[in-house]
Amino acid sequence: MKIYTRTGDEGDTGLFGGPRVPKDDARVEAYGAVDELNAVLGVAAAGLDREASPDLAEMLHEIQSTLFDLGGELATPDARARAASGKLTPLLAAGSSERLEGWIDVLEQELEPLTQFILPGGVPVAAALHHARTVCRRAERRAVSLAALEEVAGELLVYLNRLSDFLFVAARAVNRREGVEEPRWASPRGAGES
């Protein structure tokens with residue numbers, strides 16, 4: 001089987017078990033943003049020191065696998081009705097959001113409480129996790145836009161919302177483990193004042 005099919009040359013694509021739609025369809029935008037998020041997480045995972053952070057390496061691997069399932073769910077029109085008919089089971093495992101919450105709680109125990117805003121940055125892996133957090137928020141917005149047009153599993157929206165929280169905490173944890181101080185926000189309005 002060749003990687004290119006030429007079926008999308010006119011600007012449309014096929015949904016899983018469904019019709020062909022324009023490549024800028026709300027459903028395609030949603031699963032495309034999830035795919036982009038997965039790729040950005042791959043960059044973060046590739047740079048992670050797996051010996052220093054085996055727990056985070058495992059978490060990121062599980063998240064990437066879950067995002068693959070989540071993208072499949074978004075690529076499937078009327079997934080809930082098909083699941084009820086027994087022809088398709090939901091791909092996003094029950095309890096996925098709660099699992100993220102547990103990881104957030106564990107990682108936060110390592111961190112100093114926030115007393116001011118921080119800027120995305122620090123070591124490259126932490127910066128990549130912050131980047132992933134912003135892509136996650138975009139994926140969430142795209143999923144919400146889709147949910148305004150078609151039914152989207154509520155767990156999917158919860159998972160994306162919780163995932164952005166996890167990525168923020170994970171970025172902070174990486175910087176702490178690397179001994180790098182987080183960049184702190186300072187208002188430019190104070191610059192130059194005496």
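Phe117 is exposed in this predicted model, with a relative accessible area of 63%; exposed means over 50% relative accessible area, buried under 20% and partly exposed in between, computed with a 1.4 Å probe on protein chains only. In the model, which is predicted, local features need pLDDT of at least 70 and side-chain atom pairs count only at pLDDT 80 or more, whereas totals for chains, interfaces and linings use all residues. Residues are numbered from 1 along each chain as its sequence is written, and side-chain values use heavy atoms, with hydrogens and water left out.

The structure holds two aromatic pairs. Rings of Phe, Tyr and Trp (for Trp, the six-membered ring) pair if their centres lie within 6.5 Å, and planes under 30 degrees apart count as stacked, over 60 as edge-to-face and the rest as tilted. Trp103 and Phe166 form a tilted pair, with 5.8 Å from centre to centre and 55° between the planes. This pair links distant parts of the chain, since Trp103 belongs to helix H4 (residues 96-108) and Phe166 to helix H6, 63 residues apart. Both Trp103 and Phe166 are buried. Phe117 and Trp185 form an edge-to-face pair, with 6.0 Å from centre to centre and 80° between the planes. Phe117 lies in the loop between H4 and H5 and Trp185 in the segment after H6, so this pair ties together parts that are 68 residues apart in sequence. Trp185 is partly exposed, at a relative accessible area of 40%.

The protein chain has six helices and two strands, where helices (H or I, at least four residues) and strands (E, at least two) are DSSP runs numbered from the N terminus. From the N terminus on, the order of the elements is β-β-α-α-α-α-α-α. Of the 194 residues in the protein chain, 39% are buried. Among contacts with a separation of 6 or more, 74% are between residues 24 or more positions apart; contact means heavy atoms within 4.5 Å.

The axes of helix H5 (residues 124-149) and helix H6 (residues 154-177) come within 8 Å and cross at roughly 170°. Axes are lines fitted to C-alpha atoms, for helices over the stretch in contact, and angles run from 0 to 180 degrees between N-to-C directions. H5 and H6 are therefore roughly antiparallel to each other; angles over 145 degrees count as roughly antiparallel, under 35 as roughly parallel, 65 to 115 as roughly perpendicular and the rest as oblique. The residues of the contact of H5 with H6 comprise 18 nonpolar, four polar and four charged. In this division Ala, Val, Leu, Ile, Met, Phe, Trp, Tyr, Cys and Pro count as nonpolar, Asp, Glu, Lys and Arg as charged, and the others, Gly among them, as polar.

The largest nonpolar core has 49 residues, and those with the most contacts inside it are Leu37, Leu129, Leu163 and Phe166. A nonpolar core is a set of buried Ala, Val, Leu, Ile, Met, Phe, Trp, Tyr and Cys residues joined through side-chain atoms within 4.5 Å. Two or more residues of this core come from each of helix H1 (26-47), helix H2 (54-74), H4, H5 and H6. H6 gives the largest share, 11 residues.

Setting aside residues up to four places away in sequence, Leu37 touches Leu67, Ala132, Val135, Cys136, Leu160, Leu163 and Leu167. Val135 is placed in helix H5 and counts as buried at 1% relative accessibility. The C-alpha atoms of Val135 and Ala33 are 7.2 Å apart in space, although these residues are 102 residues apart in sequence. Beyond four places in sequence, Val135 touches Ala33, Glu36, Leu37 and Val40.

Leu100 lies in helix H4 and is buried at 1% relative accessibility. With the same exclusion of residues up to four places away, Leu100 touches Ile63, Tyr159, Arg162, Leu163 and Phe166. Leu92 is placed in the loop between helix H3 (79-84) and H4 and counts as buried at 10% relative accessibility. Apart from neighbours within four places in sequence, Leu92 is in contact with Thr66, Leu70, Glu73, Glu155, Leu156 and Tyr159. Asn175, in helix H6, is buried with a relative accessible area of 1%.
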